[in-house]
Each structure stands twice: as C-alpha cells, then as structure tokens.
Amino acid sequence: MTKIERNERLIRLCLLVVAFSAISVLAVITIFIFEQGTPIMFKYGFKNFLLGQDWYPSEKSFGLFPMIVGSLMVTLGALIIGVPLGLASAIFLTEFSNRRLARILKPFIELLAGIPSVVYGFIGLMFLIPFIRENLGGPGLSVLASSIILGVMILPTVTSIAIDSIRAVPDSFREGSIALGATKWQTVKMVILPAARSGIVAGVVLGMGRAIGETMAVIMVAGNAAAIPDSILAPVRTLTSNIALEMAYASGEHRQALFATGVILFVIIMILNTIANLTSARQKKR
Amino acid sequence: MRIKPRIEQKIAQSVLMFFTFIAVLVLVFILAVILKNGLPQLSLEFLSRNPADMGREGGILSTIVATIYLTIIALLVATPLGVGTAIYLTEYTVENRITRIIRFGAECLAGIPSIIFGLFGFILFVNRLKFGWSILSGGLTLAFMVLPTIIRTSEEAIKAVPASYRLVSFSLGSTRWQTVTKVVLPSAIPGIITGIILSIGRSIGETAAVIFTAGSALRMPTSLFSSSRSMAVHFYILAREGISMSKAYGTAAVLVIAILIVNLITYYLMERYIKHRS
Amino acid sequence: MKTTGITVRNFSHYYGQHQSLKNLNLDVYRNEILGIIGPAKSGKSTFLTCLNRLNDLIPGSRVEGKILIDNQDIYQPDVDVVALRRKLGLVFATPVPLPTTIYENVVYGVRLLGKNNHQELDDIVEDSLEKAGLWNEVKDRLKTSALKLSGGQQQRLCLARVLALKPEYIMLDEPTSGLDPISTMKIEDSLRILKNDFTIILVTNNTKQAARIADRTAFFLMGELIEIDETAIIFTRPSDERTEAYLQGKFG
C-alpha cells in the first residue's frame with residue numbers, strides 16, 4: 001500500500017518535472033538570447049539599434065532599422081498575397097466545392113506545409129527571380145519576390161486553419177440564413193465569416209509569425225542589401241537573414257549585434273504569439 | 001432587383017474558384033518542377049555515394065546519414081519529454097494555473113522561429129557545453145524545436161481516449177500509472193505516432209536551426225560529436241552557392257519525396273484513427 | 001444467521017456544494033442480493049462508487065460519516081484503495097470492454113498483480129467466463145477483439161472481468177439497462193448462482209428486476225434512503241407512501 005502510494009507520488013513528481021520541459025526551454029532560450037543580445041544594445045543605445053540606418057558591423061555601426069522595415073515589408077507582402085488566396089481556397093473548399101474535391105485538395109494543401117522552406121526559396125531563385133528581372137526590371141531579388149515566396153509558404157497554414165474554423169460554424173447558422181432567403185455567398189459573407197472570424201484571425205497571425213520568422217527561403221530571393229528598399233523591386237534584408245548571413249563568420253561585438261537582432265525578432269514574435277493566443281482563447285470561450 | 005444577389009453569388013463563386021485554382025496551381029507547379037528536374041538525377045549511385053568536390057560530384061549518402069542521425073536524436077529526446085508532459089497535463093492534474101503556464105510555454109515555443117533556435121543551440125550546445133558543431137548539438141536543438149508538436153498531438157490523442165476506459169481500469173484495481181501505461185497509452189498510440197511523424201518531417205526539412213548547430217562539414221558522421229551536413233543544409237548550399245544545380249535538384253527531390261512519404265503516412269494514420277474511433 | 005458485510009452509518013456524500021447522498025444508514029448482509037431501486041439521479045450509482053472509493057477520482061468529491069466493510073473503516077487514510085476496489089468488483093451500466101482481446105479483458109485485473117503464469121491465467125479465464133455464462137459462446141475465439149461481441153455478451157464479459165479478481169462483493173450498476181430480454185435473463189441467472197459465493201449489490205432502474213432476484217430491496221430518492229426491507233415486503237406493503245407511489249409508476 002504505502003509502496004504503491006510512494007511509487008505513484010514519485011511518478012507524479014517525475015511527470016511534473018518533465019512537464020516543465022517546454023516552459024524551461026522557452027525560459028532558457030529567452031535568457032540566452034537576451035543575455036547575449038542586450039548588453040551591446042545598452043552599450044550603443046537602444047535608439048541606435050532600433051532606428052539606426054547603417055549596418056556596418058566592422059565600423060561598430062549597428063543600425064537595424066532597414067532590417068526591421070524589411071521584415072515588416074515582406075511580411076505585409078506575404079499577407080497580401082497569402083491571405084486572400086488562402087482564405088478564398090478555404091471558403092471555396094468548405095462552402096462551394098463538392099465534398100470529393102475538398103477531400104482531395106485539403107490534405108494536398110496541408111501536405112505542402114511540410115515542404116522544406118529551402119525548396120520554396122530554390123523555386124523562387126530558379127523561376128521567380130528571372131521572371132521579375134526580365135519582365136518588371138530590377139535585379140529580381142526583391143521585396144516582391146520575397147513576398148510572393150512567403151505568401152505561398154503561409155498559404156497552407158492560413159487555408160488549413162481557416163477551413164477548420166469555417167467547418168466549426170454550426171450548420172444551423174447556414175440553414176437559418178438560407179431559410180431566410182439568402183444566397184450562399186450572402187450566407188458566407190454575413191453569417192459564416194463573422195462567426196469564424198477569430199479562428200481565421202488566429203490563422204492569419206500564425207501565418208504572419210511564420211513569414212516573419214522564415215529565414216532560408218528569404219535569403220535566397222531577397223537580395224539581402226542592408227538598406228531600406230525604395231521600391232518593391234529593390235533588394236531587401238530581413239532580421240532573420242541578417243542573423244543567418246553573418247553568423248558563420250561574426251565574432252565579438254558583431255556576433256553580439258546579431259544576437260541583438262535575435263532579441264528584436266524574439267520580441268516581435270512574442271507579441272504576435274500573445275495576440276494569437278488571446279484570439280484563440282476568445283474563440284474557445286465563445 | 002431580385003436578380004442581383006444571384007449575380008453577386010455567381011461572381012463571388014467564380015472569384016473564389018479562380019483563387020483556389022491559382023493556389024493549387026502554384027503548389028502543383030512547385031512539386032512538378034522539383035520532381036521533373038530531380039527524379040532524373042536520382043540513381044542508386046546518387047543515394048549510395050558520398051559527395052565529392054564540394055558536392056559537384058558523387059551522391060548525397062553522408063547527408064542522408066547525418067539527417068537520419070539528427071532526426072533520431074531529436075526524437076529520442078523530444079518524445080519522452082513531450083509524451084510525459086501530455087500525460088501529466090491530461091492524467092495527473094486538473095486545469096489550474098500550472099497547466100496554463102505549461103501550455104502557454106509550449107504554444108510560445110511553437111511560435112519561435114527556427115533561426116532563434118539556431119542561435120540558442122549555437123550558444124548553449126556548441127559554445128557553452130563545448131559539443132562543437134556536431135550531430136549532438138543539432139539533434140538537441142531540433143528536439144527543442146519539435147517538442148511543442150509532440151506535446152500537442154499527444155495531448156489530443158490522450159484526451160480522445162474514452163473516460164470509461166479509465167474508470168473501468170481503476171475499478172479493476174489499477175493504480176493511476178497502470179491505467180496510463182496499460183489502457184490510456186495503448187489507445188492513444190496512433191495519435192502519438194502522428195505527432196512523432198510530423199516531427200520527423202520538420203527535422204528532415206529544417207535548415208536554419210541545423211546549419212549553426214550541426215555545422216556543414218561534408219563527410220560521413222562517425223560519432224555524436226562529428227560536424228556534419230544534413231540534406232536540407234546540403235541542398236541550401238548547393239543552390240545558394242550555385243555549386244551544382246543538377247545535384248541540387250536531385251537532393252531536393254529526395255527531400256520532397258521523404259517529406260511526402262512522411263506526410264502521407266501521417267494522413268493515413270489520422271484517417272484510420274478517426275475511423276477507428278467513430 | 002445473517003452476517004453483516006457492509007455497515008453504512010450516517011453517511012453523506014457531496015460533489016462540491018451539491019449533497020448527493022444524505023445521511024444513509026443501512027447494512028448489507030453476506031451472500032444476499034441487495035437490490036437498490038429509485039428514479040434517475042437518486043444517488044444509487046454514487047452510492048456504489050462510494051463503496052469502492054471510485055469517487056476519489058472526481059474532483060470536489062467529499063464524504064461524511066462511516067462505511068465499514070468487514071469491520072474496516074474504508075475512509076481511513078491507511079486504507080489500501082487498490083485492494084478495496086479488487087474486493088468490491090463493479091460492473092458499469094454500459095458495457096465497456098477495453099480495446100483488446102476477450103482473453104486480455106478477463107485477465108486485465110489479474111495481470112496488474114503481476115501474475116503471468118499461462119496455466120493459471122487460462123484457468124482463471126475459463127472459470128470466470130463460465131460463471132458469467134459466457135464460456136460456451138466465446139471459448140473458440142478468446143483471442144479475438146472483445147469489441148466484436150454483442151452488447152449482452154460484452155456485459156457478461158465485464159462481469160467475468162470482475163469475477164476474475166476474486167472479489168467478495170459484486171456491485172452492478174443497472175447492468176441490463178441497455179440489453180434485450182434474453183441477455184437480461186442470462187445475467188439474472190448468473191447472479192442467482194453467484195449469490196452463493198458472493199455478496200451482490202444490484203442497482204437497477206427496472207423494479208421488476210429487483211422483484212425477480214433481490215433478497216432485500218432498498219429504495220433511494222433524491223439521495224435519501226427511503227426504506228430497506230425484504231423484497232417481498234417492499235413490493236407488497238411498503239411502509240412509506242413514496243415507495244408505493246414509485247412502484248406503481250406514479251413518478252420516476
């Protein structure tokens with residue numbers, strides 16, 4: 001008896017320790033990134049990091065503003081391309097297509113969420129870049145190319161989550177609306193999308209997180225010039241690329257500055273995460 | 001006036017269909033290009049020989065081996081932690097502040113970009129713990145990356161086990177742990193495996209987190225502490241440095257096929273699991 | 001002479017704020033079938049889970065008063081709950097075979113004790129299924145899935161699973177509520193025989209079932225024990241008018 005109880009208590013304790021693994025990893029990552037990244041921000045001043053226009057690590061000039069703008073631009077671009085496509089696919093597959101087509105296409109789209117990001121970058125490099133260069137001008141490696149590639153990459157995420165939240169809308173809503181004489185589209189527009197809104201928003205935020213955090217695909221198509229792009233056809237460098245491009249050879253303060261880049265990225269992602277958590281929690285509550 | 005909503009409906013439907021068509025077309029195009037250019041590169045030689053001359057010649061054997069090692073280490077570490085967390089959350093506690101903190105941690109971890117994991121793994125494993133660029137550092141970093149996936153899928157699978165099974169087990173005189181190991185886990189296994197397979201897919205395809213922790217040495221890994229290049233990293237270097245586009249296509253095809261197989265297995269398992277339950 | 005097996009004194013049970021059992025006082029004699037009748041939500045099932053402390057698993061569950069089983073106060077902190085649950089086997093209202101073979105279902109509780117001797121397990125399986133009246137129907141397919149059995153067979157399997165534990169008490173919670181008349185009859189037949197070796201507490205929402213097989217019958221209403229007596233007396237001249245009203249089908 002006491003032996004069984006002691007064993008059970010021991011097991012419970014072990015599991016509790018294990019259960020803290022995820023939050024501990026999160027804590028350790030946070031601590032390490034901040035420990036490595038913040039001292040140099042204090043040394044040269046937050047303002048210089050956040051708003052400085054020049055990134056010349058060899059001359060101790062660590063302005064991240066172009067990269068922050070770059071990240072936000074390509075993420076916005078990705079949303080402009082990925083969200084309409086993803087949302088439209090989700091609405092079409094749930095409300096307008098026949099069941100068989102949806103049964104084939106949904107897994108297919110989800111399958112593509114698993115394709116490694118480098119493959120997306122490679123396709124962009126081989127086909128999109130030459131196309132932009134020859135038809136629209138500029139070097140091809142650009143904000144536009146990055147946005148398109150990222151937009152395609154977040155498409156499966158947005159579609160899949162939107163499908164799930166549209167399917168979660170009770171059929172009685174649809175029946176009620178149709179019974180009142182609304183067309184299918186009016187039903188979608190006025191009943192289903194509002195009801196599924198917070199789920200869709202959570203999907204978009206997740207897609208946004210994926211876009212802003214993506215590294216390798218962006219490096220391959222962005223051109224990576226550390227300057228604020230003056231058009232969507234100009235090259236761009238994101239926060240993630242800034243880290244990945246220079247990490248291999250950086251040392252000393254240069255390396256610390258890359259960790260500082262990580263800190264800024266981390267904070268942006270955490271804000272997005274929290275928003276996503278709050279919206280999905282609100283959906284659950286409803 | 002009466003015809004207008006129907007026209008609107010027709011237009012909306014066409015636009016939606018067109019957008020869906022574009023989305024699917026783009027995705028089909030990506031698959032088609034990789035397979036069309038990559039499959040002709042594949043041969044037994046390509047799979048069974050090590051890369052030579054920076055990858056211009058030879059095959060990709062060492063990168064396949066490195067990828068497998070990295071994935072195995074990641075799963076060996078992440079599976080017990082993830083499944084253990086899921087068991088604790090579902091079987092050993094009720095919803096309270098602690099479970100909310102644990103779930104919050106897992107969800108945040110899931111949102112952290114892989115480059116951040118790379119930076120972290122580099123500082124902790126490569127530098128502080130002095131594992132160097134190695135299979136071990138890369139595998140541990142990947143383990144942390146896939147941990148949230150395993151927690152979430154396992155938790156869902158365990159929650160789906162009927163409560164009556166637990167009651168029966170307890171009423172027949174089993175302890176909580178016996179109920180977990182003899183009734184709950186066996187019933188939840190397909191769902192847990194789904195999470196593990198998803199994690200395999202992520203580990204195979206990951207580049208940013210691996211390149212700074214496992215390194216990019218092009219030789220066959222001989223120990224946990226060998227620096228080695230995974231398939232995805234190899235593909236990235238081949239493509240970005242323009243070393244050999246044909247070899248890059250070949251590597252991409254292997255990667256994509258591996259991921260497709262992994263995902264198809266997952267999909268099949270989930271379908272069967274859902275059918276089995278209903 | 002009747003020996004007392006279970007003694008319940010001033011016993012109350014709460015789910016959080018809600019009192020589900022109110023100050024019960026009753027005895028259960030050895031080798032009797034005690035029928036418990038009453039409308040839904042009258043505390044019958046809760047009472048069973050109090051006897052084997054399955055209610056421990058429900059958050060917010062709380063008890064007052066005493067239950068003595070073979071003179072042991074089962075709510076004392078040093079009680080071996082696992083052993084208690086083996087001593088009082090419970091058959092649930094809906095048959096819940098575990099998702100494994102017929103054989104493994106029967107030996108589930110036995111294996112938990114670490115018994116793995118094949119011959120011993122085989123004997124237990126045959127003996128338990130025999131007593132539950134299922135052996136002849138399944139002896140050729142013991143290694144097939146228990147989920148493939150019919151509802152009535154599943155319920156008898158659940159009974160066999162409890163018998164394999166060699167309990168002293170068998171508690172059945174509306175065991176035939178979802179079954180056809182023939183399956184019901186088979187289970188009732190088994191119970192009549194089992195009475196010789198076990199003490200049986202049978203919760204039923206079918207008053208006729210209690211009339212058919214119970215030695216004594218208790219009537220529960222809204223968590224209270226209205227009366228308990230010889231079955232013949234309860235059904236012919238109950239002392240409380242609520243019992244009479246219930247038996248005549250005026251409510252419930």
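Visitor: Which residues of helix 12 of chain A are buried?

Guide: They are Leu239(A), Thr240(A), Ser241(A), Asn242(A), Ile243(A), Ala244(A) and Met247(A). A residue counts as buried if 20 or more other C-beta atoms, placed from the backbone, lie within 10 Å of its own, as exposed if 12 or fewer do, and as partly exposed in between. The model is predicted: local features need pLDDT of at least 70 and side-chain atom pairs pLDDT 80 or more, while totals for chains, interfaces and linings use all residues. Residues are numbered from 1 along each chain as its sequence is written, and chains are lettered from A and ligands numbered from 1 in the order in which they are written.

Visitor: Why is helix 12 of chain A called largely enclosed?

Guide: Helix 12 covers residues 239-247 of chain A, and seven of its nine residues are buried, so this helix is largely enclosed by the rest of the structure. Helices (H or I, at least four residues) and strands (E, at least two) are DSSP runs, numbered from the N terminus.

Visitor: What is the nonpolar, polar and charged make-up of the side of chain A that touches chain B?

Guide: In total, 64 residues of chain A are in contact with 67 residues of chain B. The side belonging to chain A has 47 nonpolar, 14 polar and three charged residues. Contact requires C-beta atoms, placed from the backbone, within 7 Å. Ala, Val, Leu, Ile, Met, Phe, Trp, Tyr, Cys and Pro count as nonpolar, Asp, Glu, Lys and Arg as charged, and the others, Gly among them, as polar.

Visitor: How do helix 3 and helix 6 of chain B cross?

Guide: The axes of helix 3 (residues 61-91) and helix 6 (residues 135-159) of chain B come within 6 Å and cross at roughly 40°. Axes are lines fitted to C-alpha atoms, for helices over the stretch in contact, with angles from 0 to 180 degrees between N-to-C directions. The crossing of helix 3 of chain B with helix 6 of chain B is right-handed, that is, the near helix is turned clockwise from the far one by less than a right angle. Their contact has 22 nonpolar, seven polar and two charged residues.

Visitor: Why does Asp53(B) count as exposed?

Guide: Asp53(B) has 10 other C-beta atoms within 10 Å, and is therefore exposed. Asp53(B) lies in the loop between strand 1 (51-52) and strand 2 (57-58) of chain B. Its phi is near 50°, a positive value in a residue other than glycine.

Visitor: What makes Lys41(C) partly exposed?

Guide: Lys41(C) has 13 C-beta neighbours inside 10 Å, so it falls in the partly exposed class. Lys41(C) sits in the loop between strand 3 and helix 1 of chain C, and has a positive phi of about 65° although it is not a glycine.

Visitor: How does the radius of gyration of chain C agree with that of a compact globule?

Guide: With 252 residues, a compact globule would have a radius of gyration near 18 Å, and chain C has 18 Å, so the two agree. The radius is taken over C-alpha atoms, and the globule rule is 2.2 Å times the number of residues to the power 0.38. Those atoms of chain C fill a box of roughly 55 × 45 × 40 Å along the principal axes. Of the 252 residues of chain C, 45% count as buried.

Visitor: Why is strand 3 of chain C called largely enclosed?

Guide: Five of the five residues of strand 3 of chain C are buried, so the strand is largely enclosed by the rest of the structure. Both of its faces are covered, with Ile33(C), Gly35(C) and Ile37(C) on one side and Leu34(C) and Ile36(C) on the other.

Visitor: Which strands pair with strand 3 of chain C in the parallel sense?

Guide: Strand 3 (residues 33-37) and strand 8 (residues 199-203) of chain C pair in the parallel sense over four bridges. Strand 3 and strand 9 (residues 216-221) of chain C also pair in the parallel sense over four bridges. Strands pair if DSSP finds at least two bridges between them. Ile33(C) stands opposite Ile200(C) in strand 8 of chain C, Ile36(C) has Val203(C) as its bridge partner in strand 8, and Gly35(C) has Thr217(C) in strand 9.

Visitor: What is the strand order of the six-stranded sheet of chain C?

Guide: This open sheet has the order 6-7-8-3-9-10, with mixed pairing. Strand 6 (88-91) and strand 10 (224-230) of chain C are the edge strands, each pairing on one side only.

Technical notes: Two residues are in contact if their C-beta atoms, placed from the backbone, lie within 7 Å.
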